[in-house]
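Work through the exercises below with the sequence and the 3D view open. Try each task before reading its solution.

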Amino acid sequence: SVDTSMRGRGIAKALLEKTRELATQLGFPLMRVDCTSHFSAKAMARLGFECIFTLRYEDYCQNGKPVFHPEKPHTEVTSYVQRLAH
């Protein structure tokens, strides 16, 4: 996550690119990112990641009641992956 005051400066993209570089050097076959924010999910999609899992917050319940109540537009948690070239 990038602090609100620092958004729009390419920090998240730079961190992701460095992580991708290190993961490739270490021989990892893919990267996975779990997004709890609508905005981070949009960023992962823009950066070429594939969404492999989505769970709407309203569907995650205990005793029949939703556990999480984030403000809109944050309505779901998503998992994204990207295969790494070797």
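Helices (H or I, at least four residues) and strands (E, at least two) are DSSP runs, numbered from the N terminus. This is a predicted model, where local features need pLDDT of at least 70, side-chain atom pairs count only at pLDDT 80 or more, and totals for chains, interfaces and linings use all residues. Residues are numbered from 1 along each chain as its sequence is written, and side-chain values use heavy atoms, with hydrogens and water left out.

**Exercise 1. Sort the residues of β1 by face: which are on the covered face and which on the uncovered one?**

Step 1. Recall the rule: in a regular strand the side chains alternate between the two faces of the sheet.
Step 2. Take the covered face of β1: Met31, Val33 and Cys35.
Step 3. Take the uncovered face: Leu30, Arg32 and Asp34.

**Exercise 2. Find how β1 and β2 pair with β5.**

Step 1. Apply the criterion: two strands pair if DSSP finds at least two bridges between them.
Step 2. β1 (residues 30-35) pairs with β5 in the antiparallel sense, over six bridges.
Step 3. Check positions in β5: Leu30 is opposite Arg83, and Met31 is opposite Gln82.
Step 4. β2 and β5 also run antiparallel, joined by six bridges. Here Phe53 faces Ser79 of β5.

**Exercise 3. Search the whole structure: how many aromatic pairs are there?**

Step 1. Set the cut-offs: rings of Phe, Tyr and Trp (its six-membered ring) pair if their centres lie within 6.5 Å; planes under 30 degrees apart count as stacked, over 60 as edge-to-face and the rest as tilted.
Step 2. The search gives two aromatic pairs.
Step 3. Tyr57 and Phe68 are edge-to-face, at 6.0 Å centre to centre with 70 degrees between the planes.
Step 4. Tyr57 sits in the loop between β2 (50-56) and β3 (61-62), and Phe68 in the loop between β4 (65-66) and β5 (76-83), so this pair ties together parts eleven residues apart in sequence.
Step 5. Tyr60 and Phe68 are stacked, at 5.7 Å centre to centre with 20 degrees between the planes.
Step 6. Tyr57, Tyr60 and Phe68 make one aromatic cluster.

**Exercise 4. Is Tyr57 buried or exposed?**

Step 1. Use the limits: buried is under 20% relative accessible area, exposed is over 50%, and partly exposed is in between (1.4 Å probe, protein chains only).
Step 2. Tyr57 has 11%, so Tyr57 is buried.
Step 3. Phe68 is partly exposed at 44%, and Tyr60 is partly exposed at 37%.
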